[in-house]
Every structure is written in C-alpha cells, then in structure tokens.
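Biologist: I would like to learn how to read a protein model step by step. Could we look at one together, taking a feature at a time?

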Amino acid sequence: QVSSHEIFDDLAFHRNVAGVRDNKALASGKKGWDLNDVWKGYSAVANGTADSDAFRALATTIYKMQPLSRRYVEFKPLRGAMRNMERNETAFWHRDAHWWLLMSFFYSPDKTDYEQKLLQNSRDRHELFTNKLRSSYSGSYAGYIDHSNVMAQDLVRYFGGHAHRLAKIKKARDPHNIFQNY
C-alpha cells in the first residue's frame, strides 16, 4: 500500500530533495542531496511504443517495490540535434531512439540485508520492465551500468552497434587487459 507519493517537475523535485522551498535557496550551494545516501540507477532506451503491461510493471516498481526507498523516475524524449552528427563522431548510439527512462533508488547504507534486498529487487523489476518493452527495447545508457556476468551481453546492451568496434579498440589499446570491468 502506498502511504504517500508526490509528482514534481524537475526543479520542484530538486527543491524537495534539498529540503528548500525556493530556487534561490536551492542555488545557494548550502542545501542539496543527502551526501550520506547512496543510489542505484537503471536506464532503458526504446525505439517505439510500450504497451500497458510494461508501464504497469514500471508503476508497480515505483509504488510497491519493497524494501521502500526514495525513488526518482524520469522519461526523456530523444531525437534532438545529436541526430545531425555522423555515426562515427560519438559513442552515443541511442540517436535513433524515441525515448529513454532513468530510474534511481536512493537509500542510506546500513549493515543489514536491506541494501542487498533493494539492489536485487530493483534489478529484477528493471529487467521485468525491459522484457515487457519487447522489440521496443534497444539498450541501456552506459552512465547507468549494471553489470551482468556476461561481458559480451553488457557490451551490446550499453554500446549497441558500437560494441564490436569498442571491443576491437580495447584489445588494440589494452592488449594485457589492465583496464577491466570484470
């Protein structure tokens, strides 16, 4: 059961998190995010529409997922000026996508199993959402990487059509695999 929820525009969200009432106080630099909190974020990039099952899964995540935490969800339309760049000029391969979703969970670290439950449940809920997007799902934004155990799968999910080129460059520039994520 949802005890309370609020919908904010971007600045109102930041004012609420900072605990201030106006933009002047927000811009003062004296208030802001609770720096003792940690967060886990996920993203989904889509080419096309999503059916009601996908959004029902997302709404369930936002309002009902346990354990409770502060959550932030943002939809961003794409199709901007980046589409005017040549494909080899940027690694941002989502240029043809219609929209993306950013979803973040904020929580205070503790010594109990709360953190692990939150991370596992949020990961499972995000996977359910992306699975329900079906063919509209085109990948995830690399700024919100959540590593699986399969490097090749992660490369495609986060770097799309650039994955093969990225792997080739990595092998040429780092033949001894000094820099690694796994």
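Biologist: How many residues does α3 have, and what distance does it reach from its first C-alpha to its last?

Modeller: Before the answer, two remarks on the source. This is a predicted model, in which local features need pLDDT of at least 70 and side-chain atom pairs count only at pLDDT 80 or more, while totals for chains, interfaces and linings use all residues. Residues are numbered from 1 along each chain as its sequence is written, and side-chain values use heavy atoms, with hydrogens and water left out. Helices (H or I, at least four residues) and strands (E, at least two) are DSSP runs, numbered from the N terminus. The expected span of a helix is 1.5 Å times one less than its number of residues. In this model α3 has 13 residues and reaches 17 Å, close to the 18 Å expected at 1.5 Å a residue.

Biologist: Which residues of α3 are buried, and which are exposed on the other side?

Modeller: Buried means under 20% relative accessible area, exposed means over 50%, and partly exposed lies in between, with a 1.4 Å probe and protein chains only. In α3 the residues A54, A57, L58 and T61 are buried. Because they cover an arc of only 95° around the axis, they are on the same side of α3; the arc is that of the directions from the helix axis to the C-beta atoms. R56 and K64 are exposed on the other side of α3.

Biologist: What do the buried residues of α3 pack against?

Modeller: Contact means heavy atoms within 4.5 Å. The buried residues of α3 pack against β2, β3 and α4.

Biologist: How should I read a strand such as β3, and which way do its residues point?

Modeller: In a regular strand the side chains alternate between the two faces of the sheet. In β3, which runs over residues 99-107, W99, L101, M103, F105 and Y107 point one way, whereas W100, L102, S104 and F106 point the other way. Nine of the nine residues of β3 are buried, and the strand is mostly covered.

Biologist: Which strands pair with β3, and in what sense?

Modeller: Two strands pair if DSSP finds at least two bridges between them. Strand β1 (residues 38-46) pairs with β3 in the antiparallel sense over nine bridges, and there Y42 stands opposite M103. Strand β2 (residues 70-77) is also antiparallel to β3, over eight bridges, with R71 standing opposite F105.

Biologist: Staying with β1, is S43 buried or exposed, and which residues is it in contact with?

Modeller: S43 is found in strand β1 and counts as buried because its relative accessibility is 1%. Leaving aside neighbours within four places in sequence, S43 is in contact with L101, L102, H126, S140, Y141 and Y144.

Biologist: Which residues touch the most other members of the largest nonpolar core?

Modeller: In soluble globular proteins, nonpolar side chains tend to be buried together. A nonpolar core is a set of buried Ala, Val, Leu, Ile, Met, Phe, Trp, Tyr and Cys residues joined through side-chain atoms within 4.5 Å. The largest one here has 15 residues, of which W99, L101, F105, F129 and L133 touch the most other members. The elements that give two or more residues to this core are β1, α3, β3 and α4, and β3 gives the most, with five residues. A second, separate core of five residues includes V45, A97, L102 and Y144.

Biologist: How many salt bridges does the count come to, and where do R56 and D53 lie?

Modeller: A salt bridge is a side-chain nitrogen of Lys or Arg within 4 Å of a carboxyl oxygen of Asp or Glu, and by this rule the count comes to five. One of them joins R56 to D53, with the closest N and O atoms 3.0 Å apart. R56 and D53 both lie in helix α3, three residues apart, about one turn of the helix. The side chains of D113 and K117 meet in another salt bridge, at 3.4 Å from N to O. D113 counts as partly exposed because its relative accessible area is 46%, and K117 is partly exposed at 44%.
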